[in-house]
Amino acid sequence: MLINARRAPGWVNGTGWKVRLREVRPSDRRTLTGFDRDADNPGGYRHWARHRRGADLHFAIEALHNRTLVGSIWVSADPTTGTFSYGIGVGAQHRRCGYAADAVTILLTHMFGRCGYRKCEVSVSGSNFASLSLHGELGFREEGRPRDTELLLGEVKFPVLMGLTAAGFAAHHPAFTASRVPPRPTRGRHWRTPRRGRHWRARTAAA
């Protein structure tokens, strides 16, 4: 039986390797509106606008290493069809750190694993190569490119429809789904080598 994601209890504190998802707080408003103001894509993701829409679930993305708000993610689900979609935005100063990939993986694991949804569908701008690459690495596959008549800077936009099934996610992330613990991401800007304990040499020598 599918669980309506809008009523799924107590999962807003989902934690990965680099970030955790939590509820959006009133104190986040200044940061979220700042992300919107600094965005270089006028027709793109709007953090605070998403928060004001009561129909969608909206969560803050918080970095684990310093508890900084780095972005937000929303999800819209249809339990009757077993499908859901999401949108994600990370502040310009926090990009290329692996935050988006970690946040999406947390969301997918919850929706597929705990809520029983069967497929995730997203629409990505054809000019957003970073997002297209990210979704490809997460296991999404292109399903179509409908022509959009809206002009952006004098050019016709081509949204790319991408999809990922629960089975595809499990096959693409076997270690994750087996242990329910996210695999370590590739090295980002804030990656650090774990410190060796004081007994490391002794254990090595004994071995």
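**Charged pairs, then rings**

Modeller: Start with Asp-28, which is buried, at a relative accessible area of 5% (buried is under 20%, exposed over 50%, partly exposed in between, with a 1.4 Å probe and protein chains only). This is a predicted model, so local features need pLDDT of at least 70 and side-chain atom pairs pLDDT 80 or more, while totals for chains, interfaces and linings use all residues. Residues are numbered from 1 along each chain as its sequence is written, and side-chain values use heavy atoms, without hydrogens or water.

The partner of Asp-28 is Arg-22, in a salt bridge with its closest N and O atoms 2.9 Å apart (a side-chain nitrogen of Lys or Arg within 4 Å of a carboxyl oxygen of Asp or Glu). Arg-22 is buried too, at 3% relative accessibility. Arg-22 also bridges to Glu-62, again with the closest N and O atoms 2.9 Å apart. Arg-22 sits in strand E1 (residues 19–23) and Glu-62 in strand E2 (residues 57–63), so this pair ties together parts 40 residues apart in sequence (strands are DSSP runs of at least two E residues, helices of at least four H or I, numbered from the N terminus).

Glu-62 is buried at 4% relative accessibility. Its bridge to Arg-67 has closest N and O atoms 3.7 Å apart. Arg-67 is exposed, at 59% relative accessible area. Together, Arg-20, Arg-22, Asp-28, Glu-62 and Arg-67 form a network of salt bridges. The count by this rule is eight salt bridges.

Now the rings. A pair of aromatic rings is described by the distance of the centres and the angle of the planes. The whole structure holds four aromatic pairs (rings of Phe, Tyr and Trp, the last by its six-membered ring, with centres within 6.5 Å; planes under 30 degrees apart are stacked, over 60 edge-to-face, the rest tilted). Tyr-86 and Phe-140 have ring centres 6.4 Å apart and planes at 70 degrees, so they are edge-to-face. Tyr-86 lies in strand E4 (residues 83–90), and Phe-140 in the loop between helix H4 (129–138) and strand E6 (141–144), 54 residues apart.

Phe-112 and Phe-169 have centres 5.7 Å apart and planes at 40 degrees, so that pair is tilted. Phe-112 is in helix H3 (residues 99–114) and Phe-169 in helix H5 (residues 166–172), so the pair ties parts 57 residues apart in sequence. Ring pairs link Phe-84, Phe-112, Tyr-117 and Phe-169 into a cluster.
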